[in-house]
Amino acid sequence: MQTFDLEANGLRALNETLQAQTNTTNETAWDVVNPRGSHAIAVGLDAPIEVTVNGSTGYYCAGMNQQATVHVKGNVGPGVAENMMSGKVVVEGDASQYAGATGHGGLLVIKGNASSRCGISMKGIDIVVGGNVGHMSAFMAQAGHLVVCGDAGDALGDSIYEAKLFVRGSVKSLGADCVEKEMRPEHIAKLTELLSEAGIDADPAEFKRYGSARQLYSFNIDNAY
Amino acid sequence: MCGIVGLFLKDKALEPKLGAMLTDMLITMSDRGPDSAGIAVYGTDNEGRAKLTLQAADPSVFSGLAGEIEDETGVPVTLRLIDTHAVVDLPEEKMAEVRKTIRSLRSDIRVMSAGEMIEIYKEVGLPGDVAKRFDIPELTGTHGIGHTRMATESAVTTLGAHPFSTGADQCLVHNGSLSNHNSLRRKLAREGVSVETENDTEVAAAYLTWKMQEGATLGEALEAGIDDLDGFYTFVVGTKDGFGVVRDPIACKPAVMAETDQYVAFGSEYRALVNLPGIEDAKVWEPEPATVYFWNH
């Protein structure tokens, strides 16, 4: 286990050190102490390493992640795991706005609540939220899965493409072209797998599925202003 | 972008440290707003006394002012000069008369704040430098609000810096930009409420003052603002005994709050709160969009 004191050694040194790890590195476990809400902690990683951040972070924690597992023992600011490609990011607390935005792959787990725009423009990432998500979550979501164990705010899945949304609690309102859909056995199976990977104990049978009505795919004069 | 910090103390033991705690928070928010900074502090309530915070580009205009006010009005006042600002201590019931006299004696003096407890200090420059010029770390008080500015809607000037105060013991700081401030400024003018600058935030402050003059509580005024103010905003508002927070319904301007038995704190980012006592065990949350939060002593 390597320990890195962010306050003593600085952000640039942390990210350079973590980004320098290769697929064959022996230093696979990293502990970051004194994050003190700093921005851009553990961004751009591309090695199968495990990074634990002991405290809360600011903007863009674990952005552009590939392969690595980043575990935040606290809350995260806006844009956690933004544009993640692969790997896993786990947040023990809450996440601020646009968590997992534009993510292409990997798994983002938020054990607390996520605020507005969670999974905006997601392109293949899987996001599991233990609590609630705020308004405009999964806006223009293209691919991947968003699992919400609590409630969803206004305009869920507005202008959604082919991402699949699962919500256990209430949905304040659905966005344009987002509709409730049938929960088939393959969806239950996928949801069971995601909850298990996220380590969240919830009954897949209690969730509803939402997705695209596919009415915005081609031009419709009634949608024009 | 701008930075906001706010602190509302529940524990009296922290009151002597208010200025120091707010300064630390403010400096952390320097990169959100390096062009100007300002702070409003609510100090001790001296029964029957009131304060005017004045500002002048050339502080030499304050020379002899206290004596001249006394000569004109017969009211004994004291004046404490702090860099480009001066705080005049006067009997509460003489506020209107003294303000009028100052206006007639010195046209180049601006009133930053007026009230029983509030003092506002703001200037162009890095937050750390501004805090040092006004000795902010030494200030004692029950609650305070600070702002670091990165100007978007109006010029980088002392008068364009936040906080804005448009009513007795009231102040407001803003992260965001309002799109209907010109029409609202005209509407307020018809109601007899005038603002001094071209700044959008001052219009929001004047709007809340007007609502409260009409009988609304701070909470009600903020609720009404959600309907009447168009644009992006995270506002933090101070009154004589209260502290309020509201975000627009889109809520893209960041906000983090923390509460313990000792205080309620606001920061644009969590970074601003990390040195507060007991923050590790505080209740920390992001205020909901279009939801009014306020605390009173």
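Leaving aside its neighbours within four places in sequence, Leu146(A) touches Cys118(A), Met122(A), Ile127(A), Val129(A), Ser137(A), Ala138(A), Lys164(A), Leu165(A) and Phe166(A), where contact means heavy atoms within 4.5 Å. The model is predicted, so local features need pLDDT of at least 70 and side-chain atom pairs count only at pLDDT 80 or more, while totals for chains, interfaces and linings use all residues. Residues are numbered from 1 along each chain as its sequence is written, chains are lettered from A and ligands numbered from 1 in the order in which they are written, and side-chain values use heavy atoms, with hydrogens and water left out.

**Nonpolar cores**
- Leu146(A) is also among the residues with the most contacts inside the largest nonpolar core, which has 47 residues, and the others are Val51(A), Val70(A), Val80(A), Val89(A) and Leu108(A).
- A nonpolar core is a set of buried Ala, Val, Leu, Ile, Met, Phe, Trp, Tyr and Cys residues joined through side-chain atoms within 4.5 Å, and buried means under 20% relative accessible area (1.4 Å probe, protein chains only).
- Strand β7 (residues 123–129) of chain A gives the largest share of this core, three residues; strands (E, at least two residues) and helices (H or I, at least four) are DSSP runs, numbered from the N terminus.
- Apart from this core lies another, of 33 residues, including Leu14(B), Ile136(B), Tyr263(B) and Ala265(B).

**The sheet of chain A**
- In chain A, 11 strands form an open sheet of mixed pairing, in the order β1-β2-β3-β4-β5-β6-β7-β8-β9-β11-β10, two strands being paired if DSSP finds at least two bridges between them.
- At the edges stand β1 (2–5) and β10 (178–181) of chain A, each with a single partner strand, so one side of each is left without a neighbour in the sheet.
- Strand β6 (residues 107–110) of chain A runs parallel to β7(A), joined by four bridges, and Leu108(A) stands opposite Ile127(A) in β7(A).

**Helix α2 of chain A**
- In helix α2 (residues 11–19) of chain A, the buried residues are Leu14(A), Asn15(A) and Leu18(A).
- These buried residues fall within an arc of 90 degrees seen down the axis of α2(A), so they line one face of the helix; the arc is that of the directions from the helix axis to the C-beta atoms.
- The buried residues of α2(A) pack against β1, α1 (6–9), β2 (29–33) and β3 (50–53) of chain A.

**The sheet of chain B**
- Four strands of chain B form an open sheet with antiparallel pairing, in the order β4-β5-β3-β6.
- Strands β3 (residues 49–55) and β5 (residues 85–91) of chain B pair over seven bridges in the antiparallel sense, with Arg49(B) opposite Pro91(B) in β5(B).

Methods. Buried < 20%, exposed > 50% of the residue type's maximum accessible area, 1.4 Å probe, protein only.
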